[in-house]
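Reader: I'm new to reading protein models. Please walk me through this one, a question at a time.

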Amino acid sequence: HMLSTTAQNSLLKLLEEPPPRTLFILATTDPHKVLATIRSRAQALPFRPLPEDVVRSALQRIFDEARVDIAPLALDRLVRNGDGSLRDLQQQADLLAQAGEPVSEGLCERVLGVLSTDTCVQIGRALCAQDFALWVSTVDRLVAGKVPVLNLVTGVERVVRDLLVHISGASVPLLGLPGVDLHTW
């Protein structure tokens, strides 16, 4: 998708008259930016995120092989923050395993900047109570603790989504706060 229109037209010529026994595999994160004439000659195979149970068992296996204990909440937090990408989570698991201590949510927050359930609860309570001072102090603490802004935004997005799902009464699984009683907010 990053090729110029001229380059894509040159590629189209090659696709229309490929060398014998040649298979082209094109990968893009923005298929809508690829010329329609190229897309019409290709078979699209969209990749989907891995299911949570597959990611959870793979991560657990990584920690078991490294002989590092991981708390169930920490494992859940990692799985949810991985968004189905095992490659990214393998790198994170390696960092956590090298910490030399059992993996807890606190360690995930300190090492990876992944928001813990307690932090998400604090953010959710501040939002529900419209407590601007608590909200600002929580964000300040996270930024001072070197939590990446993208992780902070993603965490807040999940808390807000979970609150909206809860308020609506929909029976959709919670993304950021499974097992947390939102009625107490």
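Reader: How do H4 and H6 lie to each other: parallel or oblique?
Author: Take their axes, which are lines fitted to C-alpha atoms, for helices over the stretch in contact, with angles running from 0 to 180 degrees between N-to-C directions. The axes of H4 (residues 72-82) and H6 (residues 105-112) cross at roughly 40 degrees and come within 8 Å. Angles under 35 degrees count as roughly parallel, over 145 as roughly antiparallel, 65 to 115 as roughly perpendicular and the rest as oblique. H4 and H6 are therefore oblique.

Reader: Before we go on, from which number are the residues counted?
Author: First, a caution: this is a predicted model, where local features need pLDDT of at least 70 and side-chain atom pairs count only at pLDDT 80 or more, while totals for chains, interfaces and linings use all residues, and side-chain values use heavy atoms, without hydrogens or water. Along each chain, as its sequence is written, residue numbering starts from 1.

Reader: Back to that helix pair, then. Which residues of H6 make the contact?
Author: Contact here means heavy atoms within 4.5 Å. H4 brings Leu 73, Ala 74, Arg 77 and Leu 78 to it.

Reader: How many residues of the contact of H4 with H6 are nonpolar?
Author: Sort them like this: Ala, Val, Leu, Ile, Met, Phe, Trp, Tyr, Cys and Pro count as nonpolar, Asp, Glu, Lys and Arg as charged, and the others, Gly among them, as polar. In this contact, two residues are charged and none is polar. The number of nonpolar ones is five.

Reader: Is Leu 112 buried or exposed?
Author: Leu 112 belongs to helix H6. Among the residues it touches, not counting those up to four places away in sequence, are Leu 78, Gln 92, Leu 95 and Pro 148. Buried means under 20% relative accessible area, exposed over 50%, and partly exposed in between (1.4 Å probe, protein chains only). Leu 112 has a relative accessible area of 12%, so it is buried.

Reader: Which residues does Pro 148 touch, not counting residues up to four places away in sequence?
Author: Pro 148 is found in the loop between helix H8 (132-144) and H9. With a relative accessible area of 34%, it is partly exposed. Leaving out residues up to four places away in sequence, the ones Pro 148 touches are Leu 112 and Gly 113.

Reader: What do the buried residues of H4 pack against?
Author: The buried residues of H4 are Ala 74, Leu 75, Arg 77, Leu 78, Val 79, Arg 80 and Gly 82. They pack against H3, H5, H6, helix H7 (117-128) and helix H9 (149-168).

Reader: What is the phi of Asp 83?
Author: Asp 83 follows H4 and lies in the loop between H4 and helix H5 (86-97). Its phi is positive, in a residue other than glycine, and near 50 degrees.

Reader: Is Arg 67 buried or exposed?
Author: Arg 67 is found in the loop between helix H3 (52-65) and H4. Its phi is also a positive value in a residue other than glycine, near 55 degrees. At 76% relative accessibility, Arg 67 counts as exposed.

Reader: Let's zoom out. How many helices does the protein have?
Author: Helices (H or I, at least four residues) and strands (E, at least two) are DSSP runs, numbered from the N terminus. Read along the sequence, the pattern is α-α-α-α-α-α-α-α-α. There are zero strands, and the number of helices is nine.

Reader: What is the radius of gyration of the protein?
Author: It is taken over C-alpha atoms, and the globule rule to compare it with is 2.2 Å times the number of residues to the power 0.38. For 185 residues the rule gives 16 Å, and the protein is well over that, so it is more spread out than a compact globule. The C-alpha atoms fill a box of roughly 65 × 40 × 35 Å, taken along the principal axes. The radius of gyration is 22 Å.
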